[in-house]
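Reader: I have a structure open and would like to go through it. Can we take it step by step?

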Number of protein chains: 2
Amino acid sequence: MSKIYPVILCGGSGTRLWPKSRADKPKPFLPLLGRKSLFEQTLERSANRQTFAAPTIVTGQKHLDLVEAQLSAPDAAIIVEPVGKNTAPAIALAAMRLPSDAVMLVCPSDHYIKDTNAFVAAAEMASSLAEENWLVAFGIEATQPETGYGYIKRGPEMGGGMQVDRFVEKPDLATAIGFLEDGSYSWNGGIFCFRAGLFLEELERHRPEMVAHLREAVDQAREDGRCVYPDAGHFGAIDGDSIDYAVMETTERAAMVPVTMGWSDIGNWAALHEASDSDDHGNVQHGKAELIDCSNVLVHSDGPRISAIGIKDAIIVADGDEILVTSSKGAQRVGTLQGAKSQ
Amino acid sequence: MSKIYPVILCGGSGTRLWPKSRADKPKPFLPLLGRKSLFEQTLERSANRQTFAAPTIVTGQKHLDLVEAQLSAPDAAIIVEPVGKNTAPAIALAAMRLPSDAVMLVCPSDHYIKDTNAFVAAAEMASSLAEENWLVAFGIEATQPETGYGYIKRGPEMGGGMQVDRFVEKPDLATAIGFLEDGSYSWNGGIFCFRAGLFLEELERHRPEMVAHLREAVDQAREDGRCVYPDAGHFGAIDGDSIDYAVMETTERAAMVPVTMGWSDIGNWAALHEASDSDDHGNVQHGKAELIDCSNVLVHSDGPRISAIGIKDAIIVADGDEILVTSSKGAQRVGTLQGAKSQ
């Protein structure tokens with residue numbers, strides 16, 4: 001089997017992990033779980049050069065310094081988007097820079113994956129399907145009725161994976177409960193695997209004008225060391241779209257590989273709490289803290305000591321000049337806070 | 001009626017309002033309720049020179065700077081204790097510096113009193129009993145079965161007040177509930193009124209060796225402007241004791257005046273929360289804060305913004321490099337925290 005080309009997407013910022021995640025230091029670059037950032041962990045998962053080729057990072061100008069600072073792989077290439085246009089153009093930029101028959105593995109840089117072996121095994125299975133000209137999504141085992149994720153309904157099995165019956169948008173709670181009971185739905189974790197050429201063919205079939213702009217942007221790109229800067233005029237003219245809408249939901253060649261790998265999108269503080277190793281009382285400490293008679297409490301401090309007594313089911317975060325205290329449920333509404341909105 | 005001599009006790013530090021109250025900035029000197037400190041508010045309550053004579057402050061060397069900084073009364077005298085020996089010696093020092101027939105009103109400087117008029121009315125009533133040679137305690141209306149206070153059982157009425165049947169140590173909860181139902185018990189708020197000479201006579205009757213040391217300490221005192229420094233050797237030799245033990249519980253001349261004045265000893269964060277004006281949801285904000293879907297929450301910040309979502313019945317305090325998050329019940333255990341103990 002030929003090597004897999006990791007393509008790591010470092011875009012967006014998000015406010016759901018405010019005040020830790022801020023506009024100038026977004027989620028992928030924070031050491032939220034363990035001592036390394038989610039971006040660094042993403043790189044490490046595909047660091048074995050027996051299996052993986054050198055990675056391609058797609059990021060924006062404002063995160064370039066963070067990427068450079070945390071990028072240990074000396075053979076990495078960086079594509080610097082002039083502006084964010086969602087995932088389809090970002091992935092296409094990487095596809096155009098790679099050999100047409102290269103098998104790409106597209107990975108978000110802000111997710112947590114506990115079990116690297118399971119990830120690599122799934123990548124290898126996806127790669128073998130990709131070599132047979134499938135566009136493969138990772139189908140992550142659904143363990144609860146999440147309404148914040150897209151779902152994939154599995155179709156007929158083939159070659160260690162299965163065809164995709166259909167992709168489903170974020171469901172309401174009743175629908176999500178139904179999916180879980182049904183058992184034939186997986187979460188769509190935004191991890192994809194396909195040949196670069198096939199992806200571009202499929203994108204061109206459905207979004208020819210996007211591909212035309214992309215070709216111009218790449219033809220007129222400026223190179224500077226390991227960085228590539230697509231032309232801003234042509235790239236800026238693109239009508240942005242996600243890979244899900246632009247390709248995966250429309251192609252006839254969608255497949256998936258099922259995977260159980262301790263995945264979390266760390267979508268909010270409660271999700272981070274859940275993904276963290278906790279003590280016997282469900283407490284998690286990151287930074288200086290003392291907890292007395294507390295249970296199911298996450299404390300996360302970048303400096304001050306957090307002392308808590310008699311608190312249950314809460315998240316307490318100190319970062320710079322901001323302190324957040326919320327319930328697990330309230331964690332979903334952190335983005336509505338003045339502090340999160342005004343940064 | 002002759003004027004009343006306020007004697008204001010500024011001792012101790014306490015850890016129960018940590019991290020706001022710390023060894024170097026203890027509770028009396030903090031603006032916990034309103035913009036003025038409890039010490040400043042205590043001075044203001046007896047600022048009317050028609051009713052009150054110039055105040056005497058009894059404090060220790062380590063709080064002298066804070067006293068001087070917050071002491072607006074130009075006619076005040078300050079007695080600087082070489083070391084803390086509890087309330088009986090502190091009050092005796094003031095008594096020895098005042099005319100023998102002066103009516104003293106002894107006031108802690110770390111309590112909150114909402115209704116100044118009721119306080120002054122009670123002081124006047126206590127003063128008239130003091131002139132008839134009673135040692136008068138303020139009997140504060142008991143509104144809940146507090147186990148943290150001493151109680152006074154009321155005896156026969158006389159001249160607007162009543163004799164004291166007996167003083168009672170901090171009771172257990174069942175006893176406190178019984179007191180509340182009984183209706184003849186008041187809280188002992190540590191506010192006392194008596195003639196200076198009578199107090200010293202009674203103290204000498206019960207603790208002659210203490211008074212002997214005190215007389216030497218005062219005779220050999222050093223004066224510096226408005227400050228008096230009793231001799232450290234003699235004062236240090238005293239076996240310290242509270243006014244309650246040394247005098248009030250043993251004298252035959254104990255009386256009390258009943259008073260309802262919105263009193264609180266602000267003994268912990270939950271007590272401060274209760275004494276504060278709250279919004280419709282029971283929330284209190286001091287400093288920069290945003291509360292969403294919170295109820296019965298006290299936030300108190302000296303700088304950082306505190307954002308809270310979906311929190312109920314909690315106290316959140318930020319002060320310097322310390323953050324405290326506790327339930328109302330947990331507030332009683334703040335003194336056990338490492339931060340509170342290690343300052």
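**Helices and strands**

Author: The crossing of helices α3(B) and α6(B) is left-handed (the near helix is turned anticlockwise from the far one by less than a right angle; clockwise would be right-handed). Helices (H or I, at least four residues) and strands (E, at least two) are DSSP runs, numbered from the N terminus. This is a predicted model, where local features need pLDDT of at least 70 and side-chain atom pairs count only at pLDDT 80 or more, while totals for chains, interfaces and linings use all residues. Residues are numbered from 1 along each chain as its sequence is written, and chains are lettered from A and ligands numbered from 1 in the order in which they are written.

Reader: At what angle do α3(B) and α6(B) cross?

Author: Roughly 135°, and the axes of α3(B) (residues 87-97) and α6(B) (residues 196-206) come within 9 Å. Axes are lines fitted to C-alpha atoms, for helices over the stretch in contact, with angles from 0 to 180 degrees between N-to-C directions. That makes α3(B) oblique to α6(B) (under 35 degrees is roughly parallel, over 145 roughly antiparallel, 65 to 115 roughly perpendicular, the rest oblique).

Reader: Which residues meet there?

Author: B:Ala88, B:Ile91, B:Ala92, B:Ala95 and B:Met96 in α3(B) meet B:Ala196, B:Phe199, B:Leu200 and B:Leu203 in α6(B). Contact needs C-beta atoms, placed from the backbone, within 7 Å. By class, this contact has 9 nonpolar, no polar and no charged residues. Ala, Val, Leu, Ile, Met, Phe, Trp, Tyr, Cys and Pro count as nonpolar, Asp, Glu, Lys and Arg as charged, and the others, Gly among them, as polar.

Reader: New topic. Why is β2(B) called largely enclosed?

Author: Because 4 of the 5 residues of β2(B) (residues 56-60) are buried. Buried means 20 or more other C-beta atoms within 10 Å of a residue's own, exposed 12 or fewer, partly exposed in between, with C-beta atoms placed from the backbone.

Reader: Which strands pair with it?

Author: β1(B) (residues 4-10) pairs with β2(B) in the parallel sense over 4 bridges, and 5 bridges join β2(B) to β3(B) (residues 77-81), also parallel. Pairing takes at least two DSSP bridges. B:Val58 is the bridge partner of B:Leu9 and stands opposite B:Ile79 in β3(B).

Reader: And how many residues does each chain give to the contact between A and B?

Author: Chain A gives 29 residues and chain B gives 29 residues. On the side of chain A, β19(A) gives the most, with 6 residues.

Reader: What joins β17(A) to β19(B)?

Author: 5 bridges, and the two strands run parallel. A:Ser307 has B:Leu324 as its bridge partner in β19(B).

Notes
Two residues are in contact if their C-beta atoms, placed from the backbone, lie within 7 Å.
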